[in-house]
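The sequence and structure are shown first, followed by the points of interest.

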Protein chains: 2
Amino acid sequence: MEPRWKVARYEDIEAVTFGDEAPGVTIRRMIDEEFDGAPFYNLRMLEIAPGGSTPDHAHANEHENFIFSGSGEVMIDGDWHPLSEGDVVFVPPGVRHQYRNAGNEPFRFLCGVPVPRLTADA
Amino acid sequence: MEPRWKVARYEDIEAVTFGDEAPGVTIRRMIDEEFDGAPFYNLRMLEIAPGGSTPDHAHANEHENFIFSGSGEVMIDGDWHPLSEGDVVFVPPGVRHQYRNAGNEPFRFLCGVPVPRLTADA
């Protein structure tokens with residue numbers, strides 16, 4: 001689709017749950033190729049409830065994260081790092097990673113990924 | 001350069017000022033092709049001091065923004081929109097835009113842009 005300008009509150013964008021592979025995790029597709037015509041990358045808000053986590057996995061696309069609220073941890077290539085509001089995380093392509101909530105409040109962070117066509121051949 | 005993982009606090013990344021075209025504005029290149037090997041897009045933190053603004057301009061690359069703190073406004077194609085923490089802004093390629101602080105505290109927002117090679121022919 002043609003890119004369309006957008007101004008929105010993140011809470012007003014639908015929060016979609018994952019299955020059992022990511023307990024307590026929702027994703028909001030805030031700026032997206034499908035909905036907004038984003039040319040190169042999709043910007044999402046991930047929210048992990050207390051006790052929740054994403055899967056330990058790796059894939060061809062990188063992640064660019066910014067911690068918005070709460071406290072959590074990220075595993076990169078086997079090592080865990082504490083995270084809080086204002087932290088930045090870059091997970092390169094192909095590197096194992098996992099996120100988890102480490103507190104009693106929701107852990108919210110931005111997660112940017114390239115649109116699928118850019119990494120389809122990776 | 002090869003992509004390298006990174007965990008950092010945004011305040012620890014150098015804040016660079018602009019010239020007279022963007023009074024009161026600094027940029028922190030948080031995740032960048034040059035410094036981190038980001039494959040497709042650069043994630044920056046913009047901070048605008050009270051009274052400051054970015055230029056009224058347009059360019060071939062889009063912006064994907066998320067408001068981190070403070071209050072401000074964005075002009076898109078001639079119309080101004082109020083912004084506060086948790087707001088999302090998508091400025092498509094080629095569209096006129098400008099940001100300004102509308103309060104008495106620093107106005108901070110994330111600004112993602114594709115790496116230059118992706119829009120070099122645009």
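Two strands are taken to pair if DSSP finds at least two bridges between them. Strands are DSSP runs of E with at least two residues, numbered from the N terminus. The model is predicted, so that local features need pLDDT of at least 70 and side-chain atom pairs count only at pLDDT 80 or more, while totals for chains, interfaces and linings use all residues. Residues are numbered from 1 along each chain as its sequence is written, and chains are lettered from A in the order in which they are written.

**Pairing between the chains**
- S8(A) and strand S1 (residues 6–9) of chain B run antiparallel and are joined by four bridges.
- Within this pairing, Val88(A) stands opposite Ala8(B) in S1(B).

**The contact between chains A and B**
- Chain A gives 38 residues to the contact and chain B gives 38 residues (two residues are in contact if their C-beta atoms, placed from the backbone, lie within 7 Å).
- Several strands of chain A each supply at least two residues of the side that touches chain B, among them S1 (6–9), S3 (25–31) and S10 (107–114).
- S8(A) provides the largest share of that side, five residues.
- By class, the side of chain A that touches chain B has 25 nonpolar, four polar and nine charged residues; Ala, Val, Leu, Ile, Met, Phe, Trp, Tyr, Cys and Pro count as nonpolar, Asp, Glu, Lys and Arg as charged, and the others, Gly among them, as polar.

**Pairing within chain B**
- Strand S2 (residues 16–17) pairs with strand S3 (residues 25–31) in the antiparallel sense over two bridges, and Thr17(B) has Thr26(B) as its bridge partner in S3(B).
- S3(B) also pairs with strand S4 (residues 41–48) in the antiparallel sense, over six bridges.
- In S4(B), Glu47(B) is the bridge partner of Thr26(B).
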